[in-house]
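Please look over the sequence and the structure shown below. The briefing that follows takes up the ligand surroundings, then the overall fold, then one residue.

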Amino acid sequence: DAQRQAGRVQSVVELFARICAEQEEELGRIDAIAGDGDHGQGMVLGTRGAVEAGAVALERGAGARTVLVHAGTAWAESAGGTSGALWGAALTAAGRALSDERASDDAAKGQALLDAVDAVRRLGGAEVGDKTMIDAAVPFSGELRKGLDAGTPLAEAITAAAQVAQQAARDTADMTARLGRSRVLGDKSLGTPDPGAVSFSLLMQALGEHLAE
Ligand code: ADP
Ligand code: MG
Ligand code: MG
């Protein structure tokens, strides 16, 4: 029911926080090569803020929609950087696709993920090829939509899409950055994947595995 779904949504936010904590150093290392080195820290602060805000909302009896909207708002505020604003918008958009009163079906949950990627696209204005998280998120979205249209169960469709995202994130190593802070150091980023694309694919892999459990 609706209350259980709110709890499940909060577990996903907690999962994201665990993965970011595990990957903090590596994400910082990648970001330091052509950016300012704070991507791991930003993702940790953002997800930590999201977990806290989600927990407060859950405690007050909020539904899945409100838990995610509050978590997203807190992510953006706690992280500080560009990726924090984008992930904040993603969670908020995903929340708006869900309901506080009713449990959503797989189609609605899948649509929430597609809406999240659209929100990142709209807010960030990046195109595929700019060497940002969009280079992983757009192929992810495309594959997820295909899976959902084919009637693939949600966890399976997300896992397949996350695999596409992982490869796409790796492929960003061959690109030079055109947006964000690393643009002035664009050539320096050649040979290193985009940190935001890497973290996106890691979180979507974890989400697929989590939903399959
Ligand atoms: P900051 O760049 O403010 O230090 P982070 O280091 O946390 O923030 O995040 C950097 C990541 O943000 C990049 O690797 C890239 O994936 C993503 N990013 C930056 N600008 C954009 C944008 N306009 N659209 C989508 N993603 C972006
Ligand atoms: Mg940075
Ligand atoms: Mg920064």
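The shell around ligand 1 holds 24 residues, of which Gly81, Ser83, Gly124, Ala126 and Gly196 come nearest, where a residue is near if its C-beta atom, placed from the backbone, lies within 6 Å of the molecule. This is a predicted model, in which local features need pLDDT of at least 70 and side-chain atom pairs count only at pLDDT 80 or more, whereas totals for chains, interfaces and linings use all residues. Residues are numbered from 1 along each chain as its sequence is written, and chains are lettered from A and ligands numbered from 1 in the order in which they are written.

**Ligand shell**
- Two or more residues of the shell around ligand 1 come from each of α2 (39-59), α4 (82-96), α5 (106-124) and α8 (195-212), helices being DSSP runs of H or I with at least four residues, and strands runs of E with at least two, numbered from the N terminus.

**Fold**
- The protein has eight helices and zero strands.
- The C-alpha atoms of the protein fill a box of roughly 50 × 35 × 30 Å along the principal axes.
- Of the 213 residues of the protein, 55% count as buried, meaning that 20 or more other C-beta atoms lie within 10 Å of a residue's own, with 12 or fewer for exposed and partly exposed in between, C-beta atoms being placed from the backbone.

**Leucine 154**
- Leucine 154 lies in helix α7 (residues 154-171), and leucine 154 counts as buried because it has 21 C-beta neighbours inside 10 Å.
- The C-alpha atoms of leucine 154 and aspartate 105 are separated by 9.5 Å, although the two are 49 residues apart along the chain.
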